[in-house]
Amino acid sequence: MSGRSVAIVGGATIKFGVRAATWPELVQEAGVALTRAVPELRADDVDSLFVGAAEPERFAFQSHVAPLAAEQLGLKPHRILQRNELACASGQSAIRSAFAAIASGLSEVAVVVGVEKMILPSMAEANTAMGCAMDRPWDGPAGATAPPFFAMVAQRHMLEFGTTAEQLAAVSEKNHRFANTNPSAQFYEKTFSRDKLLRLPLIAPPLRLGDCSSMTDGAAAVVLTSEDHVREYTDTPAWVRGSGQYSDFHNLANAGSLTEWNGLTLASREALGRAGITVGDLDLAEVHDCFSISEIVEYEALGLCPRGEGGKFAADGRGDLGGDVVINPRGGLLGCGHPLGATGVAQAVEVYEQFAAAVPPARQVPDPEWALVHNLSGSANVHSVMVYQRGGAA
Amino acid sequence: MSAERPRRRSTAPAVMAEPTASTVPETRPAEPSGPAPASKPREKRPFLLDFFPLETPDQTRLHRFYERLREGYLSTTRCRRDGTLHWPPRTACPSCRSEELDWVDLPDHGHVYAFSAVLAGAPLGMEDDVPFAVGLVDLDGAPLRLFGRIEGRPWTELRIGEPVRTEAYDIGDGRMFYRFRTIG
């Protein structure tokens with residue numbers, strides 16, 4: 001990659017779930033957790049802050065959140081202070097901006113905090129907020145939110161390739177099982193067998209409750225710095241080796257094929273190409289399983305299996321520990337919950353901790369060197385990908 | 001946006017061309033079925049908690065769309081310069097940035113490409129509609145696949161390929177929107 005090498009040198013995730021805490025309180029909690037995880041971090045050294053937050057205006061009735069977060073964290077950024085909004089990918093968007101700022105030499109040490117407060121007294125109001133991520137005047141009035149859109153993806157995938165509800169449940173079972181190893185996951189203490197998942201109520205047919213990630217409060221934070229400062233913080237940096245993004249529509253009418261996510265194929269090729277590796281070199285991937293069907297389509301779009309065989313890939317355990325590549329060892333969005341702005345940052349924390357061998361053995365990928373993080377946003381109309389490499393020289 | 005950029009800004013006036021009576025070529029013209037009966041009166045909702053847009057000429061340059069809906073026709077814009085048929089209607093052509101657009105009526109029949117139903121998690125103002133079906137519908141003879149509610153038979157009886165017709169309706173407070181309805 002051109003520019004200076006950039007790495008994540010530490011991070012932390014707070015407890016995801018139904019939290020008795022406000023948006024500013026979640027940010028402070030992430031700051032405390034980050035300080036514990038990266039004790040070398042001094043506020044005076046942090047020149048930039050990037051805040052991944054999808055809908056604080058809707059969920060917390062608060063805009064201009066970047067200076068609010070800075071004050072909560074005790075930071076006085078003098079290079080870049082900004083909030084990144086890219087719906088479900090807001091967290092990764094913030095990391096990408098921090099990466100770009102450091103690579104260009106504008107920033108030396110940047111903190112990224114991703115946060116979302118989603119649990120409101122009125123679920124209908126929260127669902128209204130979620131609808132705002134779709135095309136408001138044209139798709140919104142019909143009642144468009146994520147579940148019916150991804151349900152149509154599942155319906156078409158079943159029609160075109162014979163994918164089954166049992167294969168969807170295989171994805172959800174795996175990610176919930178990983179979440180049982182992750183105390184910060186929303187469903188840390190809830191077990192979901194495939195049989196149980198297949199008996200949960202339909203939300204948007206053919207998707208059942210266990211096929212859908214949930215509304216969640218949460219926050220996560222990471223520190224990024226340049227090759228010049230990495231060793232001041234860690235011996236196990238997660239180097240950013242590649243980055244890619246693609247977007248080709250917004251209104252649901254312009255989605256084209258629901259089952260072929262070409263945007264992810266292009267974004268991941270870009271990111272892997274910049275890293276100089278292929279998908280077969282990956283040891284783990286944190287991908288955007290907002291719905292069980294999403295992970296199946298992502299296997300295919302990433303090139304882990306041929307188009308149409310994602311369901312079989314899941315059922316055969318090829319994305320599980322001991323499989324081809326470990327997918328979503330953190331527990332995924334299905335198991336951890338999906339606080340929009342926090343998700344992409346929490347995925348990056350998982351990559352850092354996997355490289356540092358700091359996760360519980362039940363989900364530790366053996367000796368990982370390469371990891372990919374993927375977020376989609378909205379109706380899978382934007383795909384954002386980062387590729388990380390463990391340790392080694394810059 | 002296409003890679004080809006105009007060398008300078010268009011000198012076309014920043015207003016939409018007058019609507020024309022044309023329809024999408026090679027399709028049968030939409031038959032005016034007339035708007036469906038008004039829904040039950042709708043509670044006034046703060047604008048920022050209401051997905052239905054403001055439709056009048058003092059609020060949107062696309063007011064023609066809603067006026068044509070009141071006449072029973074689903075319409076959209078087509079670029080006079082490059083012929084692109086848009087969805088949703090635009091105020092400038094995304095392909096060539098021309099502001100010289102014509103309004104055209106769309107076919108009033110189509111077939112369901114994919115559908116689901118909202119059984120839980122409806123936004124404000126739609127809780128009483130649950131369960132409701134939504135879907136993507138390929139319009140017959142037009143290169144458009146529109147998303148919308150599907151009324152008529154319940155979702156449990158819908159099939160991919162189901163024939164539907166478009167329907168304009170008063171949402172209950174004088175504003176118009178469109179949806180699909182099963183045939184037969």
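Predicted model: local features only at pLDDT ≥ 70, side-chain atom pairs only at ≥ 80, totals over all residues.
Chain A divides into domain 1 (6–121 + 215–232) and domain 2 (145–202 + 239–390). I looked up the separation of their C-alpha centres, which is 23 Å.

Next I took the contact between these two domains. Domain 1 of chain A puts in 38 residues, and domain 2 of chain A puts in 30 residues. On the domain 1 side, I noted four elements of chain A that each supply at least two residues: strand E1 (6–13), helix H4 (90–103), strand E4 (109–116) and strand E7 (218–226). I sorted that side by class and got 21 nonpolar, 12 polar and five charged residues.

Then I turned to the contact between the chains. Chain B gives 31 residues and chain A gives 30 residues. On the chain B side, strand E3 (109–118), E4 and E5 of chain B are the elements giving two or more residues. I count 25 nonpolar, three polar and three charged residues there.

Strand E5(B) covers residues 145–151, and six of its seven residues are buried. How do E4(B) and E5(B) pair, parallel or antiparallel? They pair in the antiparallel sense, over six bridges, with E4(B) spanning residues 132–139. I checked the hairpin they form: five residues lie between the strands, and B:Gly141 has a positive phi near 80 degrees.

E5(B) also runs parallel to strand E7 (residues 176–182) of chain B, joined by two bridges.

Last, I looked at B:Ile150. B:Ala133 stands opposite B:Ile150. In E7(B), the bridge partner of B:Ile150 is B:Phe180.

Key. Residues numbered from 1 in each chain as written. Chains lettered and ligands numbered in written order. Buried ≥ 20, exposed ≤ 12 C-beta atoms within 10 Å, placed from the backbone. Pairing = 2+ DSSP bridges. Contact = placed C-beta atoms within 7 Å. Nonpolar A, V, L, I, M, F, W, Y, C, P; charged D, E, K, R; others polar. Domains from an automatic or database assignment.
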